[in-house]
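Let's take a walk through the side-chain contacts of this protein. Have the sequence and the model open as you read.

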Amino acid sequence: MRSLSLLPLLPALALSLQAAVDTNSNNYSDVWESRYDAVGIDPALDPDLDGDSNANEAVAGTDPFDGMSTFRHGEVAILGPDLSIPFASQPGKQYQLQCSPSLQPASWTPLGSPVLATGPETTFTTPIPPESRKFYRVEVSDADSDGDGVSDWEEQLLAGFDSHSGDSFGSGIPNNDLNAAREIMTSTLTGEVAVSVTTQDAYEKESTHALVTVGRSGATTYPLTLWFHKKGSADPTKSSASANDYRLTDGSSPLALLPVFGERAPVPSDLSEDIISPNGILTNFVVIPANSTRTSIHVEPVTDTLLEAPENLNLCFHAIGQEALTRVCDASNDPANTRLFIAYLGPESSAQTTATGVSTVRLQGDNDIGVVNVTFSGLTSPQSAAHVHVANPVSGPIIESLPLGQVVDHSWELQAAQFLTTEQLMLEALFAGQLYVNVHSQNYPAGEIRGDLALTSGSSEFQEPPPPPPRPPHPRH
């Protein structure tokens, strides 16, 4: 009876780094370090707990911080007389199927020729051997098809490089690609690249973009590729932008951001990382073009009809240790986008009083700040406090303290408070009529007058009426 065993796929630890860009001489490809934000990591550690050390992941071209990015085989199948062995691959890496009858180190022999991967999965097909027992493994290594000293895997990732030409940029110098790659990676790793937030907020209503500028101060001969990853707010009380809230583009091909009523707008699902999209959509990297000192990342909001607190999107740029915080907001703070909430204050609970008052909250278009005004008169005793509360279910805890006296334009940041543990919950409570304003007095320390805040279609600002129509002519007698 025949027995077939497939060993876990292991990178070739004896890989030569001659075909890799390593300007900092740490035995890691600079491109791998920059792609995965892995500069200076310990080669012996395994931070993603996938069983592969950082050194192994560097050879395989996989992400040392993602346990799903690993060099592993798929479901092995027997197809008639053949054995089919699929495995996860990295485009530009070279793979060799090997077999052994005994697992002894010197007993491994190659089967067929090595294969240069062109996609995320590669399959070896080999005849089932007549021997009674056989072990298989796949070895990964770098290839350098054009012999220029830059590996095919690196050239796949660096913008403008051609793995079949040693002089991708037409300099006339043989194998100039190695010098070009070293210049690019030196700029990235030595502080010549900087990121700044030009416009922090993107607005759905106006379809205006947040803008992040990426610039370089050194040589501009070649295009410079800079990778990044996306994360939300580190503060759990604040909202984080999801992939359905925005698109990242280079601004070269404006996208049609049409409103979608009742649901999210669709976002393309066929975008792969490390691929330049023809319509300007960015996934996980941006390129400063050759002969340019800067480029921009546009955060384009996806319009919906949902009521949302500002949603944070942080772009974390690899190798340079810089971040860019942007936000996706419902609307700008143009006065036309202000929503008005009014509370009419009257006796609270069993208070015996003829005091009255009115409170307004003008909520800015980005749903971040409310401007509070309170006027009142007729308290039975001197005022002791004033607050905004959340009903639970009738009376409830304080969520914002107000100044004593008549309150004029008090700025209230809609932050999480009490059992409203996020900004989104606070915003929803305001629109649901669950917040109220009350004024306390010495006679009524629990509150003398109160009123529930309710959304209104009016305005707290004077609106000049249109001119009256002309008077009809006076009838003659």
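Predicted model: local features only at pLDDT ≥ 70, side-chain atom pairs only at ≥ 80, totals over all residues.

Let's begin with charge: side chains of opposite charge can pair when their charged atoms come close. Here there are nine salt bridges in the structure.

Look up R72, which has a salt bridge to D52, with 3.3 Å between the closest N and O atoms. R72 sits in the loop between α2 (54-60) and β2 (77-79), while D52 is in the loop between α1 (30-35) and α2, so this pair ties together parts 20 residues apart in sequence. Are these two residues buried or exposed? R72 is partly exposed because its relative accessibility is 28%. D52, on the other hand, is down at 2% and counts as buried.

Next, find E323 and K231, another salt bridge, again with the closest N and O atoms 3.3 Å apart.

Now move to R450, whose side chain meets that of D452 in a salt bridge (3.0 Å, N to O). D452 is partly exposed at 44% relative accessibility, whereas R450 is buried at 15%. Some salt bridges share partners, too: D201, R327, D366 and D368 are joined that way into one network.

R450 also has an aromatic contact: its charged end sits over the ring of Y436, 3.5 Å from the centre. K93 does something along these lines, with its charged end over the ring of W153, 5.0 Å from the centre.

The structure has 10 aromatic pairs. In one of them, W32 and Y36 have ring centres 6.2 Å apart and planes at 65°, so the pair is edge-to-face. Both residues, W32 and Y36, are buried.

Compare that with F169 and Y222, a tilted pair with 5.0 Å from centre to centre and 55° between the planes. Here distant parts of the chain are linked: F169 lies in the loop between α3 (152-157) and α4 (177-189), and Y222 in the loop between β11 (210-216) and β12, 53 residues apart. F169 is partly exposed at 27% relative accessible area, while Y222 is buried at 11%.

Finally, pick out F71, F87, Y95 and F124, whose rings make up one aromatic cluster.

Terms used: Residues numbered from 1 in each chain as written. Heavy atoms only, no water. Salt bridge = Lys/Arg side-chain N within 4 Å of Asp/Glu carboxyl O. Helix = DSSP H or I, 4+ residues; strand = E, 2+ residues; numbered from the N terminus. Buried < 20%, exposed > 50% of the residue type's maximum accessible area, 1.4 Å probe, protein only. Phe/Tyr/Trp six-rings, centres within 6.5 Å; stacked < 30°, edge-to-face > 60°. Lys NZ or Arg CZ within 6 Å of the ring centre and 35° of its normal.
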